[in-house]
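Have the coordinates open as you read.

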Amino acid sequence: MAKVELKKLWKKYGKVEAVKGIDLSIEDREFVAFLGPSGCGKTSTMRMIAGLEKITEGEIYIGDRLVNELDPGTRNIAMAFESYALYPPMTVFDNIAFPLRAMKFPENEIKDRVQRLAEILELTDVMTKYPKGLSGGHQQRVSLARALVRDADVYLLDEPISHLDTKMRNRMRAELKRIHGELGKTMIYVTHDQVEALAMADKVVVMNFGVIQQVGTPQEIYFKPQNLFVADFVGEPPMNFIDCSIELKEQSFILLFSGCSVEIRDEKKVEKLKELENVLSRKWVFGIRPTHLQIFKNESNFSSNVISGVIYAVEPLGDSKIIHVLCGDKLLLVETTPDFVGFEDEKIFLKIDSDYLFLFDKETGRMVL
């Protein structure tokens, strides 16, 4: 049993509060990703779980054990970090085998475990080399293999594939997910890369300024962001945000922004807005992802939810195009098919898909719709 539980966890470096009283439960065998920008507290949290950083306040449990005062060697964890920390006098094979030899495993079992990971991580051709003769990508894979070769209760992985090239990184995402399934152990993965977090994790913990912003499945994080930060941080290309005010009607509401107005006919959304206080006087931000804006050159294609604009720039990305559209004084991103043909300063029309429209309270940042 390797459930990890954090209770009112704080980490302070002098006057700097890196982690601010977070509570989190990570279930046994879960693959959990800590996601956030640099300085958000995700690595400090992992290092406290590992025992590499002293806890300022709070409690950490691994299984049923309170581990606050236990050193890393007695927590039965395995770690791989962005910095490789390999042993220069040892070959790749010996670096990977080191934790097993320290635990007195039989040599035949060591050889089998090391060989299996070497094949998965494409290290078989460098097993007799030393770290100084390896590329950064190879060194990072060796560090990862050394962590995964152990039979630990919890695996802590801090940006373990960040130095790999794009092709290998894509391959490693799939391999790590498969390895997690085979091991059946708890994994905690730190990254600033949303693609990694959404692709691999069972549960994503989004952090910023030492505070947990949202915990949820990848689908919940992407489709139901709880605040402006999560909505903005998760998604590529990023979500469009527009400051607006609201007018309410019987069965619709109108978004007013940048000289434009859009009427949204959605009874459930209208009823929810009517339940809120000071709807008409509050400042709002509505958000919509580039994939949920449709672009047309003829206004007759629409019956409602349409705004006009002009093309500011076109970015061909191979399997799609990103169209930058200037609507009033606001620049919006639209993701469309690669066969769309548009030119700078050309007038176009955008249809807003109200099913995927988000509305945030500008003052608190909280999502209300």
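Over eight bridges, strand β1 (residues 4-13) pairs with strand β2 (residues 16-26) in the antiparallel sense. A quick word on terms: strands count as paired if DSSP finds at least two bridges between them, and the helices (H or I, at least four residues) and strands (E, at least two) are DSSP runs, numbered from the N terminus. This is a predicted model, where local features need pLDDT of at least 70 and side-chain atom pairs count only at pLDDT 80 or more, while totals for chains, interfaces and linings use all residues. Residues are numbered from 1 along each chain as its sequence is written, and side-chain values use heavy atoms, with hydrogens and water left out.

Back to the hairpin that β1 and β2 form: two residues sit between the strands, and G14 in the turn has a positive phi of about 65 degrees.

On to the next neighbour: β1 and strand β4 (residues 57-62) run antiparallel and are joined by five bridges. Here L6 has I60 in β4 as its bridge partner. Zoom out and you get an open sheet of four strands, ordered β2-β1-β4-β5, with antiparallel pairing. β2 and β5 (65-66) are at the edges with a single partner strand each, so one side of each is left without a neighbour in the sheet. Helix α1 (residues 42-50) lies across β1, β2 and β4, running at about 115 degrees to β1. Axes here are lines fitted to C-alpha atoms, for helices over the stretch in contact, and angles run from 0 to 180 degrees between N-to-C directions.

## Helix pairs

How do α2 and α3 cross? The axes of helix α2 (residues 92-102) and helix α3 (residues 107-120) come within 10 Å, crossing at roughly 130 degrees. That makes α2 oblique to α3; on this scale, angles under 35 degrees are roughly parallel, over 145 roughly antiparallel, 65 to 115 roughly perpendicular and the rest oblique. The crossing of α2 past α3 is right-handed, the label used if the near helix is turned clockwise from the far one by less than a right angle, with anticlockwise being left-handed. F93, I96, A97, L100 and R101 of α2 make the contact with E107, I110, K111, R113 and V114 of α3, contact meaning heavy atoms within 4.5 Å. Sorted by class, the α2 contact with α3 has six nonpolar, no polar and four charged residues. For those classes, Ala, Val, Leu, Ile, Met, Phe, Trp, Tyr, Cys and Pro are nonpolar, Asp, Glu, Lys and Arg are charged, and the others, Gly among them, are polar.

The axes of α3 and α5 come within 11 Å and cross at roughly 145 degrees. In this pair, R116, L117, E119 and I120 of α3 meet R171, E175, I179 and E182 of α5. The class count for α3 with α5 is three nonpolar, no polar and five charged residues.

Then there's helix α4 (residues 136-148) with helix α5 (residues 166-183): their axes come within 13 Å and cross at roughly 0 degrees. α4 and α5 are therefore roughly parallel to each other. From α4, R141, L144 and L148 meet M168, M172, L176 and I179 in α5. That contact of α4 with α5 has six nonpolar, no polar and one charged residues.

Five strands make another open sheet, in the order β15-β19-β16-β17-β18, with antiparallel pairing. β15 (293-296) and β18 (330-336) are its edge strands, each pairing on one side only. On average, neighbouring strands of this sheet are turned by 45 degrees against each other, direction ignored.

Within the sheet, strand β16 (residues 306-316) pairs with strand β17 (residues 321-327) in the antiparallel sense over six bridges. V310 stands opposite L326 in β17.

## Rings and a cis bond

Searching the whole structure turns up seven aromatic pairs. In one, the ring centres of Y87 and F98 are 4.8 Å apart and the planes are at 50 degrees, so the pair is tilted. The pair links distant parts of the chain, eleven residues apart: Y87 is in the loop between β6 (77-80) and α2, and F98 is in helix α2. As for the cut-offs, rings of Phe, Tyr and Trp (its six-membered ring) pair if their centres lie within 6.5 Å, with planes under 30 degrees apart counted as stacked, over 60 as edge-to-face and the rest as tilted.

Finally, which residues does a cis peptide bond join? They are E236 and P237, with omega about 0 degrees. P237 lies in the loop between α8 (228-233) and β11 (240-248).
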